[in-house]
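Here is a short note to read beside the model. Take the points in order, and keep the structure open as you go.

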Amino acid sequence: MTTIKTLYHGSAGIVKKPQFGKGNPRNDYGLGFYCTEDLELAKEWACGDKRGGFANIYTIDTSNLSVINLSCAEYGVMNWLAVLVNNRIFAITSPLAAEAQEYLTGFFLPDLSLFDAILGYRADDSYFTFAMDFLNNAISLSQLSRAMRLGELGEQFVLKSRKAFDQIEFVRSEAADGKTYYPKRKKRDSDAREQYLKRERKIARSSTDIFMLDILREEMKQGDERLQTNLFE
């Protein structure tokens, strides 16, 4: 059965032919071509400043592609976090964070080499701050899970394999006005930070909240019901 998706890639220029093996290996999900299924978000992502950019529009047949969905219940926030700390460069600010990074990549990191594409959360600066607070035991897993919904940053669809790159077809591009979309991008991030500081950092902690230190002490691993209950409460 043919499954056609429409994808959007926000960038400073027009990208008619995405190149396999090009890009930044230190992005959220490593080396790949990062897209969204939301045109408005792509236009925001295209505008790193007021000079603007383009939303490149593509179609892709995913019927023969293996796609991992890191946002689904089978994987969840712990797996997303393991992928994030495995790829991103960040400062380790405490011995606990260092131990947490090693534990996450040891027990929650999925083998992404098995898949042609990845669907998962987008981690801009605000989301990355939330994740680092969890690693440093400042917020609980349930707080992190709720924080992931702030700002409505959406999900990324990332092409990883040559097979996936062979399937994507350029349709057209649309200009993204920097004077319109750069402020929207900034506001989405600042709104997420403001809501986080007002709500999650100040919310009363319950006796059932699970923190990174609890995960380490109890040696919780993939499939642990305590993590699943905490994630989707």
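How many helices and how many strands does the protein have?

1. **Overall build.** The protein has nine helices and seven strands. Helices (H or I, at least four residues) and strands (E, at least two) are DSSP runs, numbered from the N terminus. The radius of gyration, taken over C-alpha atoms, is 18 Å, close to the 17 Å that the globule rule (2.2 Å times the number of residues to the power 0.38) gives for 233 residues, so the protein is as compact as a globular protein of that length. Its C-alpha trace spans about 50 × 40 × 30 Å along the principal axes.

2. **Ground rules.** This is a predicted model: local features need pLDDT of at least 70, side-chain atom pairs count only at pLDDT 80 or more, and totals for chains, interfaces and linings use all residues. Residues are numbered from 1 along each chain as its sequence is written, and side-chain values use heavy atoms, with hydrogens and water left out.

3. Of the 233 residues, 49% count as buried. Buried means under 20% relative accessible area (1.4 Å probe, protein chains only). Contact means heavy atoms within 4.5 Å. Among contacts between residues at least 6 apart in sequence, 85% join residues at least 24 apart.

4. **The main core.** A nonpolar core is a set of buried Ala, Val, Leu, Ile, Met, Phe, Trp, Tyr and Cys residues joined through side-chain atoms within 4.5 Å. The largest one has 47 residues. Tyr29, Trp80, Leu81, Phe134, Leu135 and Ile215 have the most contacts inside it. Helix H2 gives the largest share of this core, eight residues. In soluble globular proteins, nonpolar side chains tend to be buried together.

5. **Tyr29 up close.** Leave aside its neighbours within four places in sequence: Tyr29 then contacts residues including Leu70, Trp80, Val83, Ile118 and Val158. Its partners also include Asn87, Gln156 and Lys160.

6. **A second core.** A separate core of 13 residues includes Phe33, Ile60, Leu65 and Ile168.

7. **Helix H4.** Is H4 (residues 125-135) mostly covered or mostly open? Mostly covered: nine of its 11 residues are buried. Among them are Phe128, Phe130, Met132 and Asp133. Phe134 and Leu135 are buried too. Just after H4, Asn137 takes a positive phi of about 70°.

8. **The largest pocket.** On a 1 Å grid over the protein atoms alone, a pocket is an open set of points with protein on both sides within 12 Å along at least five of seven lines, while a cavity is a set where a 1.4 Å probe fits but cannot get out; lining residues have an atom within 4 Å of a point. Points are joined across faces, edges and corners, and a volume is the space filled by probe spheres set on them. The largest pocket has a volume of about 710 Å³. Of its 28 lining residues, Asn27, Trp45, Arg122, Gln156 and Arg185 lie nearest its centre. H7 gives the largest share of that lining, five residues.

9. **The cavities.** The structure holds two cavities of 30 Å³ or more. Of the 10 residues that line it, Tyr75, Met78, Phe108, Leu227 and Gln228 are closest to its centre. Helix H9 (225-231) gives the most to this lining, with three residues.

Definitions and conventions: Buried < 20%, exposed > 50% of the residue type's maximum accessible area, 1.4 Å probe, protein only.
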